[in-house]
Amino acid sequence: MFNTLKKSVAKFALKYVPKNSIIGIGSGSTVNYFIEELSNISSSIRGVVPGSIASEKKIRKYNIPIVDLNSLENLDIYIDSADKVNKSMEMIKGRGGALTREKIISSVAKKFICIIDKSKYIKHFDCCVIPVEVIPMALRKVSEEIIKLGGMPKYRENFITDNRNCIIDIHNLYIENSVNLEKTINNISGVVSVGLFCIRKADLLLVSYADKIKEIY
Ligand code: 5RP
């Protein structure tokens, strides 16, 4: 059921792709559906900045040009999914481990369009797992800091990010102020980036339900 919802929101998002544009895209199963849709209009775009090696491979398969972010001043749009989105359009991302590249690309984009199925749209971030990309030599130090913040760090076994780092998933962390928490975790030495996307939120949220797609600004 959720795959059908992911597919339908991915297809719907196509209408937001400007003609002749270079767009940023993220990673994951919803984005994979979006890449498939994008392949149908590939001749009308100039290229894509991908958020992960997996997305890049898939995009190349469809002969869509890959663009280096360093060659661009900015991007019109960035399209990606999320693990959770709250009513303030803040997101938690990184279950696929691509959070850092996704954060970099989205920070350059004028508009972040987040595409999700209804199961991910929630009121508050209570009890959500927050992924953090960590430099391997800092695993212990970062874990200790997370415990001090009240969270329970869990090392993600057998997983290496595209940047050759590790992931710590934070469980049971009470979020009082999401923007402050994002800054605090990002400031821990050894943290590459945290999967809280609350400073740079979504500008447009597309949520798929069985009978409709909701566009939320
Ligand atoms: C990857 C992400 C993904 O956007 C997020 O995990 C959602 O994935 P899916 O579309 O497979 O449910 O943040 O780092």
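## A briefing on strands, core and surface

M137 sits in the loop between β7 and α5 (139–148); helices (H or I, at least four residues) and strands (E, at least two) are DSSP runs, numbered from the N terminus. This is a predicted model, in which local features need pLDDT of at least 70 and side-chain atom pairs count only at pLDDT 80 or more, while totals for chains, interfaces and linings use all residues. Residues are numbered from 1 along each chain as its sequence is written, and side-chain values use heavy atoms, with hydrogens and water left out.

**The surface around M137**

- M137 is exposed, with a relative accessible area of 79%; exposed means over 50%, buried under 20%, and partly exposed in between (1.4 Å probe, protein chains only).
- Together, I135, M137 and V192 make a nonpolar surface patch of about 300 Å².
- Such patches take residues with over 30% relative accessible area and no salt bridge, joining nonpolar side chains (Val, Leu, Ile, Met, Phe, Trp, Tyr) within 5 Å and like charges within 9 Å.
- A salt bridge here is a side-chain nitrogen of Lys or Arg within 4 Å of a carboxyl oxygen of Asp or Glu.

**Strand β9 and its partners**

- Strand β9 (residues 166–171) has 5 of its 6 residues buried, so it is largely enclosed by the rest of the structure.
- Strand β7 (residues 130–134) runs antiparallel to β9, joined by 5 bridges; two strands pair if DSSP finds at least two bridges between them.
- Strand β8 (residues 152–155) is also antiparallel to β9, with 4 bridges.
- I170 of β9 is a handy landmark: I130 stands opposite I170, and I170 is the bridge partner of P153.

**The largest nonpolar core**

- This core has 24 residues, and V49, L75, V85, M91, C114, I116 and L205 have the most contacts inside it.
- At least two core residues each come from β3 (75–80), α4 (99–108), β6 (109–117) and β12 (204–208), with β6 giving the largest share, 4 residues.
- A nonpolar core is a set of buried Ala, Val, Leu, Ile, Met, Phe, Trp, Tyr and Cys residues joined through side-chain atoms within 4.5 Å.
- Leaving aside neighbours within four places in sequence, I116 is in contact (heavy atoms within 4.5 Å) with residues including V9, V85, Y121 and L205.

**A three-stranded open sheet**

- The 3 strands of an open sheet follow the order β4-β5-β11, with antiparallel pairing.
- β4 (84–85) and β11 (196–197) are at the edges with a single partner strand each, so one side of each is left without a neighbour in the sheet.
- Strand β5 (residues 91–92) pairs with β11 over 2 bridges, and M91 stands opposite F197 in β11.

Definitions and conventions: Areas by Shrake-Rupley, 256 points an atom, 1.4 Å probe, with all protein chains shown as cover.
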